[in-house]
Amino acid sequence: MSDATLTLDDLERDALTELVNIGVSRAAASLRKMVNKQVILSVPSVEIVTRKSAASLIGQRENEGLIAVHQQFEGPFSGRALLIFPESNGLSLVRAIVGDEMGEADLADMEEEALAETGNVILNGCLGSMANMLQHTLKMSLPGVRRGNSTILFDVLDNTSDQSFVLFLYINFSVQDRQIRGYIAMLMDLPSLEKLKKLIADFIDRVMA
Amino acid sequence: MRDDIVVARRQLELALDVAGAPCAWEWDIRRDRLVADARFAAITRQDAVALTDGTSTNCFFNSIHPDDLKRVKLAVAGIMAGSEIFSKDYRLLKDDGGYRWVHANGRAIFDEDGNPTMFVGNLVDVTEQKRITEELRVAQTAGGIGTFEHRVGWATITVSEQFCRLFGLHPARVIPVATLNELIHPDDRRIIDLSFPDDHQDVSSREFRIRRADNNQERWLTRRGEYVDDVDSAGQRYVGVVYDVTDARQVRDKLQQANDELAGIAHEREQFIAVLGHDLRNPLASMSAGLRVISKDATDQRTTRVLRLMGGSVQRMSSLIDDLLDLARGRLGDGISLNITKGGRVEPLLARIVNEILVAHPERLIATDFDVHRPVNVDHARLEQMVSNLLGNAITHGASDKPITLSAKTEGDLFELEIRNGGTRIPEAIMKRLFQPFSRGEENSRKQGLGLGLYIASEIAKAHGGTLNATSDDASTSFIFRMPLDCQ
Amino acid sequence: MAVTVLMVDDSKLARIVAGKAIAALQPDWTRVEAGNAADALEIVGSRHIDVAVLDFNMPDKDGLELAKELRALHPNMPIAVITANVQDEIIAAVRALNGTFVAKPVTEEALSGFIFGAALRLRTAGL
């Protein structure tokens with residue numbers, strides 16, 4: 001693997017950040033509609049790291065268990081998108097979405113499914129708008145829900161090793177309610193990154209035209 | 001462009017530079033027109049009149065530094081494609097060929113279908129701010145100071161790079177409050193306590209222990225924060241700084257330990273003196289009794305003279321031991337015990353002390369001045385101890401050709417006694433230690449004592465609820481004892 | 001005659017949310033639910049359905065394929081495909097089937113265009 005594939009120059013990074021901004025803005029708008037509360041987003045972080053350090057970037061900040069809704073995406077570039085939040089936030093999030101009418105028991109029954117659906121809306125909105133900007137189509141898998149620590153969340157991609165490099169994009173989101181917060185994260189392996197760089201270059205060209 | 005307009009614009013630009021005021025723009029996306037105020041026109045080198053009607057966005061892009069143009073265009077493209085928030089720093093060219101840094105904040109307004117229709121925002125000159133921010137960043141890194149900002153009611157906190165370093169975290173702008181709280185020692189206060197119902201954190205500074213996320217090391221940090229009003233949300237933000245105080249604490253702890261040890265040693269020594277003094281008294285008493293017996297039987301002159309000298313020495317030893325015991329009592333906490341005579345008069349006592357001293361020093365002059373109208377409740381033996389000590393000092397250290405005065409008076413609720421002698425000023429360094437035990441007036445003083453006299457005198461003053469002070473100038477030195485008359 | 005709307009979504013939560021929105025917009029409509037494409041086709045074969053609201057993301061057969069089959073059976077039925085997948089290609093595919101694309105999350109507002117349009121079409125056709 002040449003060095004060139006391992007790096008993004010400043011402009012590419014800016015462009016990628018902007019693409020993620022577009023995606024997560026849509027995701028935040030969706031989340032806002034669902035929970036009917038203010039949602040704030042951080043500036044996206046874009047890092048090229050090993051899979052293991054991607055996990056520890058989130059892991060060192062999270063002591064309790066996590067829930068992740070994950071979706072695979074395939075197309076000119078492929079990888080995995082995740083909506084991650086602390087396990088204790090799960091029910092609050094579902095509660096915020098369905099409102100107060102539903103009983104506790106029904107709510108608990110529905111937690112897993114509601115999380116998958118929420119993740120689906122947020123991640124699809126995010127990836128879909130990015131794909132539109134790049135003028136390519138991405139095929140997205142059905143959402144899955146996983147629980148565990150940060151390593152479990154990231155180790156499901158194919159059979160690549162811990163030491164393989166990935167493009168790791170993540171943002172923090174926080175709902176105006178001191179309980180609910182989490183991350184939207186994307187992991188792409190490096191052959192995808194190479195294709196992504198090409199698409200980003202095209203995107204930059206279109207913008208500058 | 002007409003010259004006068006150019007001049008006017010320059011002036012406006014200058015005025016705006018001083019004010020640093022933000023300027024506003026509105027970008028009608030459907031019509032691709034940019035409408036903005038005169039300040040925006042000035043700062044982007046456009047025609048103010050045309051801009052109030054709307055101009056092509058090309059004019060605006062032309063005012064941007066070529067190195068920043070692509071970044072700005074990318075961010076604008078993001079807005080056109082659905083990004084909500086625009087927040088960018090970039091450079092605008094100036095007429096003189098230089099540039100200024102600006103910060104642009106904007107947001108898109110969407111139609112029902114979610115398409116952006118308007119892009120509105122403001123622009124502010126941050127050239128100076130950027131310089132200060134950079135200086136601050138350098139200072140914070142050098143000083144190891146991390147900064148944070150918490151919007152009340154949110155689970156996340158915005159932090160600086162240095163802040164992350166202090167906690168051993170990978171640098172990030174936004175981190176969950178819970179993450180930080182987890183790193184804090186369970187017995188210490190949380191950095192932001194989300195369980196506080198009104199979110200009111202401590203405004204005073206607070207020290208706490210953390211376990212660093214990277215190496216598990218325990219460190220002490222100090223947090224200082226305060227509340228500021230959040231202009232954007234009408235809510236409040238809790239902003240503050242964090243720095244490492246582990247080393248400072250270690251130094252402080254060591255110093256405390258050393259102090260404790262020293263205090264322990266001093267205490268032991270004083271106890272030793274108390275015991276020693278006590279044990280020396282009995283053999284001395286029998287020596288004194290023995291001398292009295294032998295003196296009666298002594299016949300020859302030589303023996304009588306030697307015995308008298310020996311008696312004087314025993315007397316002196318005994319008074320040294322008394323001093324030592326008084327010192328030990330004062331230092332060991334119980335203070336000097338008193339045997340107060342109520343309703344007694346002090347003038348006869350004072351007159352007797354003066355007479356005794358004059359017998360021993362017939363060459364000196366001691367003037368007295370008594371103005372005592374009320375009974376003074378004192379321990380007569382202790383008062384005698386104090387006054388003879390002070391008079392003895394005055395004779396030893398005062399100018400021999402100047403009279404000594406002893407005055408005593410009652411005034412209001414105070415009894416005041418002053419002993420003044422002529423002579424040169426007592427040096428500052430000696431004045432400072434005057435009432436400390438083992439301090440002596442002169443380095444080479446072979447004269448009596450352990451340097452305990454003034455210490456004991458001041459302890460006697462204290463025991464009476466009073467004070468003993470010294471003043472000294474080029475002509476004279478005076479010691480003043482004051483005590484309240486209602487003292488038990 | 002009462003209108004019957006079929007809602008197909010593998011997520012019960014999504015059916016609850018969509019059901020709430022439709023009930024608010026058209027309280028008189030009868031709502032029928034199916035959890036997958038096979039069940040939906042069975043219902044369509046066994047009773048009269050006026051309007052269909054389909055989720056795109058479903059296991060086995062996705063909403064777009066189901067819409068294709070329903071369109072073949074009922075050339076004039078108002079069909080909406082609901083999805084969070086906002087990619088241009090999906091939107092174009094839904095439009096090609098003469099369907100309405102509705103972006104998730106589903107709200108009353110998001111569904112109102114389709115529901116009122118469908119009500120209007122049914123009334124016109126019924127005249």
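How many residues lie between S16(B) and S17(B) in the hairpin that they form? There are three residues between S16(B) and S17(B). The model is predicted, so that local features need pLDDT of at least 70 and side-chain atom pairs count only at pLDDT 80 or more, while totals for chains, interfaces and linings use all residues. Residues are numbered from 1 along each chain as its sequence is written, and chains are lettered from A and ligands numbered from 1 in the order in which they are written.

**The hairpin of chain B**

Select residues 467-472 of chain B for strand S16 and residues 476-484 for strand S17; the two pair in the antiparallel sense over six bridges. Strands here are DSSP runs of E with at least two residues, helices are runs of H or I with at least four, and both are numbered from the N terminus. Two strands pair if DSSP finds at least two bridges between them. Next, display Thr471(B), whose bridge partner in S17(B) is Ser478(B).

**Chain B as a whole**

Of its 488 residues, 24% are buried. A residue is buried if 20 or more other C-beta atoms, placed from the backbone, lie within 10 Å of its own, exposed if 12 or fewer, and partly exposed in between.

**Glu207(B)**

Move to strand S10 (residues 206-211) of chain B and select Glu207(B). Why does Glu207(B) count as partly exposed? Glu207(B) falls in that class because it has 14 C-beta neighbours inside 10 Å. Leaving aside residues up to four places away in sequence, Glu207(B) touches Trp220(B), Thr222(B) and Val245(B); contact requires C-beta atoms, placed from the backbone, within 7 Å.

**Where chain B meets chain A**

Show both chains: 26 residues of chain B and 28 residues of chain A take part in the contact. On the chain B side, helix H5 (66-80), strand S9 (174-176) and helix H8 (177-183) each supply at least two residues. H5(B) gives the most, with seven residues. The chain B side comprises 13 nonpolar, seven polar and six charged residues. Ala, Val, Leu, Ile, Met, Phe, Trp, Tyr, Cys and Pro count as nonpolar, Asp, Glu, Lys and Arg as charged, and the others, Gly among them, as polar.

**Where chain A meets chain C**

Finally, select the contact formed by 20 residues from chain A and 15 residues from chain C. On the chain A side, the elements that give two or more residues are helix H2 (10-35) and helix H5 (104-134).

Terms used:
Two residues are in contact if their C-beta atoms, placed from the backbone, lie within 7 Å.
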